[in-house]
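Visitor: Could you walk me through this one, a question at a time?

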Amino acid sequence: MTLTLEPVHKMDKLLRSDRMPHIWCPGCGIGTVVNVFLNALIDSGLNPDKVVVVSGIGCSGRAAGYIKVDSFHTTHGRAIPFATGLKIANPELKVVVFSGDGDLIAIGGNHFIHAARRNIDMTVICVNNLAYGMTGGQKGPTTPLDAISQTSPYGNTEQPFNVPYLAASCGASYVARWTTAHVRQLKKSMEEALAKKGFSLVEAISPCPTLYGRMNKQPSGLDQMRYYRQNSVYSDGADPKEAAITYNGKIMVGKFVDVERPTFLELQEVSLKKVFGTEK
Amino acid sequence: MNAVLGASWGGVKAMTATSGPGFSLMMENLGLGVMLETPCVLADIQRAGPSTGLPTLPAQGDMMQARYGSHGCYSIIAISPSSPQEMFDLAIKAFGLSEKYRTPVLIMADAVVGHMSEKVVIPPPEKITTISRRKPSVPKEEYLPYQADSNLVPPMANAGEGYRFHVTGLTHDERGYPSDSVEVQDKLVRRLIDKIEKNKDDIVMLEQDEMNGADVVVCSYGISARIAKFAVERAREEGLKVGMLRLITVWPFPEEKINEIAGDIKAFVVPEINCGQISREIERACHGKTDVVSVPHLGGGVHQPGVILDAIRKVAK
């Protein structure tokens, strides 16, 4: 008697296995963030048929292509407005934006701040590897001051965005940051974010050994993970103002914001009721 | 523009409207709309440019941008209303075409039509014909988001219906998965173009007036066509044989029809509020069979009918 073992993995239902292998480099953290997200999605109890993932452009932007829910790979920086349209057209959907720091915070920065301001009901997962990976390691909106990149070979002279502070100051309902060395905490935050009404942001600091790490004395993914382990400072409820990332400095992790604010659609419904006496 | 695309994938009919500079900004994601085959409508109430130009005085300077504005090769549908009534009627038509052919449809109006007050008859809802996207008929696990049948348009599932599809602005195969193969690119882009160009009979709308026996045909669109009509009527009073061809759809371009007319006339006269964008397209379609006289206006106002009349007189001799 022969025993045939069907390879079954609990992620099979949520991953497009026919698209494997993925494009990410050895040591890259994006796969970890996808894995954590899918685990959070499973444990959230949400119906995957009603979950959509929208990505922009870049290495992290490829995540939408591997996640087996209705998924959209859009243009550079425009994942958030695309997601906004989906949510407004069909409020039943759980809308998740999965993209990178360059996509969300530089070219997509305007969409990011206004989605947070309007408290549009969506979860944004920002994989932050501190540089532009796909295009060759150029400095980006989150590259720490003094860090080496392809376009700052003598050290970055631009002051970066502190992503949790940016989101919090624009009105996000939920803001957390972890690194890929904190998979359990990251998963818990993603679950909380998925359950949160309004604009939720989970920032995942993630290694890019090929481009960022190599130029900044952390040549392997493991080196970067070790750096995260040794330098992360956990502080739930800390002021996100203090969470700026400095070159090879401490990384503040934890949940910064968890508040209730009326969402865009809720306020619209209140107004429609007031004006027309009905919801729609 | 992306919110419009997202809303369309969320299952509703979605549109946005802009003027000139906004149209330039939307080109990037108009391309995404074409590539994802997303039904939607975009109205450009054209103003004089370049750049901020004359806000908000009329022009028709975005006609070529409507055709070629986003990068890469593709075809598009663009409609040019001449009156508030047509703004209403053609907006419904635009949505119908966008849903049927799964493409963004452009309403290329201008600041005169956009600002105009005129009687508009709104028919009762049951008199209005609407078209909605074709839904997949295969079991959910067999659905391929870009598998087209003979009419070249794939059925469309909306987000949240359980099909678990992936779509991307990257060149993609029938599964919606990215590919860097030349063959996949050729097949996809050819279909994106053909689904519009090969259905011209269904898409193209023209208004023809006294074309039989005409020596000269005035061809125009939008507000310019209404001014041209006045000039054409004066010319007829002078005994000149002048036909009038109004392009209600400008893209896809009715080049077969133009070519057919070209063999029978002395010249086309083409007034438009730009420096000859559609007149050159007519010239191309004529294959040298007849003269094409451009009557340009650089925007901020409309033609004086006399200018068009003079052009007609000159070529009718």
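This is a predicted model: local features need pLDDT of at least 70, side-chain atom pairs count only at pLDDT 80 or more; totals for chains, interfaces and linings use all residues.

Visitor: How do H1(A) and H7(A) sit relative to each other: roughly parallel, roughly antiparallel, roughly perpendicular or oblique?

Guide: Helices here are DSSP runs of H or I with at least four residues, strands are E runs of at least two, and both are numbered from the N terminus. H1 (residues 30–44) and H7 (residues 183–195) of chain A have axes 9 Å apart, at an angle of about 50°; axes are lines fitted to C-alpha atoms over the stretch in contact, and angles run from 0 to 180 degrees between N-to-C directions. Under 35 degrees counts as roughly parallel, over 145 as roughly antiparallel, 65 to 115 as roughly perpendicular and the rest as oblique. H1(A) and H7(A) are therefore oblique.

Visitor: And what's the make-up of the contact of H1(A) with H7(A): nonpolar, polar, charged?

Guide: Contact means heavy atoms within 4.5 Å. On the H1(A) side the residues include Val33(A), Phe37(A) and Leu41(A), and they meet a set in H7(A) that includes Leu186(A), Met190(A) and Leu194(A). Ala, Val, Leu, Ile, Met, Phe, Trp, Tyr, Cys and Pro count as nonpolar, Asp, Glu, Lys and Arg as charged, and the others, Gly among them, as polar. The contact of H1(A) with H7(A) comes out at 9 nonpolar, 3 polar and 3 charged.

Visitor: Which kind of aromatic pair do Phe37(A) and Phe98(A) form?

Guide: Rings of Phe, Tyr and Trp (its six-membered ring) pair if their centres lie within 6.5 Å, with planes under 30 degrees apart counted as stacked, over 60 as edge-to-face and the rest as tilted. The search turns up 11 aromatic pairs over all chains. For Phe37(A) and Phe98(A), the centres are 6.2 Å apart and the planes are at 65°, which makes the pair edge-to-face.

Visitor: How far apart in sequence are the parts that this pair ties together?

Guide: Both Phe37(A) and Phe98(A) are buried (under 20% relative accessible area, with exposed over 50% and partly exposed in between, using a 1.4 Å probe and protein chains only). Phe37(A) is in helix H1 and Phe98(A) in strand S3 (residues 94–100) of chain A, so the parts tied together are 61 residues apart.

Visitor: What is omega for the cis bond between Trp251(B) and Pro252(B)?

Guide: Trp251(B) is buried at 1% relative accessible area, and its ring makes a tilted pair with Phe253(B), centres 5.8 Å apart and planes at 45°. Pro252(B) is in the loop between strand S10 (249–251) and helix H9 (255–262) of chain B. Omega for that cis bond is about 0°.

Visitor: Asp146(A) has a positive phi; what's the value?

Guide: Most residues other than glycine have a negative phi. Asp146(A) sits in the loop between strand S4 (122–128) and helix H6 (163–170) of chain A, and is partly exposed at 48% relative accessible area. Its phi is near 80°.

Methods
Residues are numbered from 1 along each chain as its sequence is written. Chains are lettered from A and ligands numbered from 1 in the order in which they are written. Side-chain values use heavy atoms; hydrogens and water are left out.
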